[in-house]
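Here is a short briefing on a structure, grouped by topic. Keep the sequence and the 3D view open while you read.

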Amino acid sequence: MNPLVCVKRVVDSSSEVVLTDDGQGVDGRFAGFTTSAHEEGAVELAVRIAADGGGGATVLTLGDTDAVEQLRSALAVGCSAATHVLADPQAYGPADVAREIAAVVRDHAAAGTPHDLVLLGNDAADTGDFQVGIRLAYELGWPVVNGVSTVSVADGVVTASGAGPDGHETYRVPLPAVVTVLEGGVEPRYPTVPGRMKAKKVLIEEREPVTEPVGPSRVRLVLPPPSPSTVEVLGEGAAAAPAVVDLLERLGVLAR
Amino acid sequence: MILVLVEVSPAGGAVETSREAVTFARDLAAVGGGVPVDVVLVGAPDDALAGVLASYGVRRVHALTGPAYDSFSGAAWAAGLVEVRERAGSVVVMAAGTPRGNEVLAHVAARLAVPMAANVVSFGGLSPFTVTRQVVGGAVLEEMRLAERPAVFTVAGHAVPAAPADVPGAGELVVETPTVAEADLVARVVSTEEPEPDLSGALTSARVVVGAGRGAGSADGFDDLLELVELLDGSLGVSRVVTSLGWRPHHEQVGQTGSRIAPELYIPCGISGAIQHWAGCSSAKAILAINTDPDAPMVTRATHAVIGDLHEVVPAVNAEIRRRRG
């Protein structure tokens, strides 16, 4: 069992966002970068599933050369192989990315490493498209389970569950399958020092995209107008308590 | 024609975000010269639901029925939407930007090989058809062109308030039994457990949410906050760092990767207000920030603030509430 897990280098949303002059992307010079939170959960699940099934998890990204950092992070927490599709991610729409992932799945299968399970994050923290995993499933002709937080595999069947609108929902789907993950079901492990050392030594498969991207249909990015601060400061420290309770009464949230 | 997927709550009503999406569709239809708005839902609607949808200006309610719709499958729901869409020739297919809405419309877009825009907040022009949507957790807006037909997109929660139409629609019920392939039923829900009480459902419906961030200090730093929650009959919501550190469970998390809340009052205590968190609480009607840093984003974006340590302010507020209640 060799699951494939897809990750994306994204802007760290705890930092201030500055756009490039052409409005086509976030200016990386002023940003911190990380892996989407949901994908950290997907990586952890992939590593556990690979360990249970006596195989190895492969991590995949499409991105520029800096995105190797995200691959190394996943290798440091237990992935055993990595594939890097070298491309400008801003030029790729969700359908383009899905096509590239499908090409990797097919090529790896042809080379003797089939990935019967592909894990992705439910949505990327930057572009928030909510569709790459689903488009990938249609590319491959596989079933897709979307937005689950726990995933396990036994006897060729993937069992996945997560919160739905009517309660906790469970799916059971025969492999091969695509599953998109929401954070919260598993605790991503921290990399150990030996893990980091090992990750540095893994030879990363680098490849070119297989097709010209159609693009993301983006006209431009804009920052929402900053809303002027109209905050009313009620006071400082414990002395503000009466003013706070006055506010609670005024808003009608204190009545019992 | 504009086709909108409407989600029905377990109690049988149209969920608020779906009514928002129908309201958005109506505004779009008016700009488009008064094209009709139809909805698709799963199951047989009762008279009350049909009446509500008619009051929102809906012309027809297409109800997907049959064994394929006994439990959720994104592909099966999409198959039904696509079948109704193809017969009626709708130029726009929409849903609310909920987990279900985004999932089903992604299936629709993949099946029709057209783009999909998630979490749209407004539309620009009709030719070319452009929309503006939230990206980076709402910190950035993306203008996106949807050149192909149908235009497929979901509407971000609270982008428009849900409002009935000036002129009601006919709300004519059309029972649909679409052909659903076996392959579209492979990934379907096989069991649903009732949610445990007081999980995130209570958080998203609470009138008052008390928020806690890194400023809580430790897993033991929540006693005063929980007392305030109880005094206000509210819910506790926490930032991502609090769940990452294991201080509180994930279902209490508010933010881009947690719950999105819209209470009457949100009281974030010791939360700086990173984009990730703001994405989940920006719809609160009033925000009272309690923070030691007067320049923290949460403070400058709040309606009210107290500058100070939550471990001093919150116990004093609790004591004051108890005193006034005698």
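Is E264(B) buried, partly exposed or exposed? E264(B) counts as partly exposed, because its relative accessibility is 35%. The cut-offs are under 20% relative accessible area for buried, over 50% for exposed and in between for partly exposed, with a 1.4 Å probe and protein chains only.

This is a predicted model, in which local features need pLDDT of at least 70, side-chain atom pairs count only at pLDDT 80 or more, and totals for chains, interfaces and linings use all residues. Residues are numbered from 1 along each chain as its sequence is written, chains are lettered from A and ligands numbered from 1 in the order in which they are written, and side-chain values use heavy atoms, with hydrogens and water left out.

**Around E264(B)**

- E264(B) sits in the loop between α7 (240–244) and β13 (265–269) of chain B. Helices (H or I, at least four residues) and strands (E, at least two) are DSSP runs, numbered from the N terminus.
- Leaving aside neighbours within four places in sequence, E264(B) is in contact (heavy atoms within 4.5 Å) with V253(A), R207(B), K285(B) and A286(B).
- E264(B) and R207(B) are 57 residues apart along the chain, with 5.2 Å between their C-alpha atoms.

**Aromatic rings**

- Over all chains, the structure holds 5 aromatic pairs. Rings of Phe, Tyr and Trp (its six-membered ring) pair if their centres lie within 6.5 Å; planes under 30 degrees apart are stacked, over 60 edge-to-face and the rest tilted.
- One of the pairs is F24(B) with F123(B): the centres are 5.7 Å apart and the planes at 75°, so the pair is edge-to-face.
- F24(B) lies in helix α1 (residues 16–31) of chain B and F123(B) in strand β5 (residues 116–126) of chain B, so this pair ties together parts that are 99 residues apart in sequence.
- F24(B) also pairs with F153(B), centres 5.8 Å apart and planes at 65°, so this pair too is edge-to-face.
- F153(B) belongs to strand β8 (residues 151–155) of chain B, 129 residues from F24(B).
- F24(B) is buried at 2% relative accessibility, and F153(B) is buried at 0%. F123(B) is partly exposed at 23%.
- Ring pairs join F24(B), F123(B), F129(B) and F153(B) into a cluster.

**Charges over rings**

- A charge sits over a ring if NZ of Lys or CZ of Arg is within 6 Å of the ring centre and within 35 degrees of the ring normal.
- R248(B) lies over the face of F222(B), 5.4 Å from the ring centre.
- R100(B) lies over the face of W77(B), 6.0 Å from the ring centre.

**V52(B)**

- V52(B) is in helix α2 (residues 47–55) of chain B. V52(B) is partly exposed, with a relative accessible area of 34%.
- V52(B) and G171(B) are 119 residues apart in sequence, yet 8.7 Å apart in space, C-alpha to C-alpha.

**Chain A**

- Chain A has 6 helices and 14 strands.
- Taken along the principal axes, its C-alpha atoms fill a box of roughly 70 × 45 × 40 Å.
- Of the 256 residues in chain A, 52% are buried.
- Among chain A contacts between residues at least 6 apart in sequence, 71% join residues at least 24 apart.
- In helix α2 (residues 68–76) of chain A, the buried residues are Q70(A), L71(A), A74(A), L75(A) and A76(A).
- G78(A) follows α2(A) and has a positive phi, near 125°.
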